[in-house]
Amino acid sequence: MSLLTFTLILLAGALLAGLLGSLTGLGGGVVIIPLLTIGFHIDIRYAIGTSLVAVIATSSGSAAAYVKEGFSNIRIAMFLEVATTSGAIVGAILASYLPTYFIAILAGIVILYSALISLKKKQDHLDVDQSSKLARILKLNGDFPDEHGRKIPYAVHHVAGGYGMMMFAGIISGLLGLGSGSLKVVAMDNIMHIPFKVSTTTSNFMIGVTAAASASVYLTRGYIDPVLSMPVVLGVLVGSMIGARILMKATTSWLRILFIVVITVLGLEMIYNGVLHKI
């Protein structure tokens, strides 16, 4: 296969990954890593480095809009970034020493978990009366605008538990090259009881920063290849922009189900190839 043909196929695959990833909120990494490792037999560490660069690009594009609209809580993001970036650096260093088949099995499990979480019905939390003491000290409580522009206040709970979960999410992000958005939303939504819109948009803001910490380690170890990264970043960016437009105009429930089926198959395939030491 010529380099031009390889680049065009990779660009098309990345575009599809960005399109479907934006429709589910899971990002394109859950498709990019299986595509590179299983489809093109590329070393999983190079696939992870490529996925991290794509995560940085897509997060940077969408996070700015959410911050401008007032949904993201920057104070919570900056506090929890201490946990996720330190965890991401640990995960990226671990990836250099762990066997590739183990990383593939773990990536498959996380992909299956992400698919399962995306099916779960989201519960919103709007408790303003029982904020934790640490949340009050750090001034993490905030508000977000409703559809009429009115400010809806909310309180933050279980700060220490959320911090620990975010550190685990950072390790997974650095180790596997995935945004780990599903784990971050679990930490902020289920543990810290932050409203879903705020937790999702704040997580989106944090994903890029966490990925940048991991990518610095992969870059110094030579696992980020421009030949792979350039078409993937371009394809995922264009695909996610198209996906965002579709989200605003069309019913996407059947697309979400289709994508969940696809990533479930990819997750099982990663586990299968990892168990047989084919990756």
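Is Phe144 buried or exposed? At 6% relative accessibility, Phe144 counts as buried. This is a predicted model.

**Aromatic pairs**

A pair of aromatic rings is described by the distance of the centres and the angle of the planes. The structure holds six such pairs. Two of them are set out here.

Tyr46 and Tyr223 pair edge-to-face. Their ring centres are 5.4 Å apart, and the planes stand at 90°. Burial can be read from relative accessible area, with under 20% counting as buried and over 50% as exposed. Tyr223 has 17%, so it is buried. Tyr46 has 30% and therefore counts as partly exposed.

Phe144 and Tyr154 form a tilted pair, because their planes meet at 45°. The ring centres are 6.2 Å apart. Phe144 lies in strand β1 (residues 142-145) and Tyr154 in strand β2 (residues 151-154). The two residues are 10 apart in the chain. Tyr154 is buried too, at 4% relative accessibility.

| Pair | Centre distance | Plane angle | Class |
|---|---|---|---|
| Tyr46 and Tyr223 | 5.4 Å | 90° | edge-to-face |
| Phe144 and Tyr154 | 6.2 Å | 45° | tilted |

Tyr46 and Tyr223 also belong to an aromatic cluster, together with Tyr218.

**Helix α7 against α9**

Helix α7 (residues 159-176) packs on α9 at an angle of about 50°. The axes are 9 Å apart. That angle makes α7 oblique to α9. The crossing is right-handed.

Which residues of α9 make the contact? They are Met206, Thr210, Ser214 and Tyr218. From α7 come Met166, Gly170, Ser173, Gly174 and Leu175. By class, the contact has four nonpolar and five polar residues. No charged residue takes part.

**Positive phi angles**

Two histidines are of note here. His41 has phi near 55°, a positive value in a residue other than glycine. His41 lies in the loop between α2 (29-39) and α3. At 69% relative accessibility, His41 counts as exposed.

His158 is not a glycine either, yet its phi is positive, at about 45°. His158 is placed in the loop between β2 and α7.

Methods:
Residues are numbered from 1 along each chain as its sequence is written. This is a predicted model: local features need pLDDT of at least 70, side-chain atom pairs count only at pLDDT 80 or more; totals for chains, interfaces and linings use all residues. Side-chain values use heavy atoms; hydrogens and water are left out. Rings of Phe, Tyr and Trp (its six-membered ring) pair if their centres lie within 6.5 Å; planes under 30 degrees apart count as stacked, over 60 as edge-to-face and the rest as tilted. Buried means under 20% relative accessible area, exposed over 50%, partly exposed in between (1.4 Å probe, protein chains only). Helices (H or I, at least four residues) and strands (E, at least two) are DSSP runs, numbered from the N terminus. Axes are lines fitted to C-alpha atoms, for helices over the stretch in contact, and angles run from 0 to 180 degrees between N-to-C directions. Angles under 35 degrees count as roughly parallel, over 145 as roughly antiparallel, 65 to 115 as roughly perpendicular and the rest as oblique. A crossing is left-handed if the near helix is turned anticlockwise from the far one by less than a right angle, and right-handed if clockwise. Contact means heavy atoms within 4.5 Å. Ala, Val, Leu, Ile, Met, Phe, Trp, Tyr, Cys and Pro count as nonpolar, Asp, Glu, Lys and Arg as charged, and the others, Gly among them, as polar.
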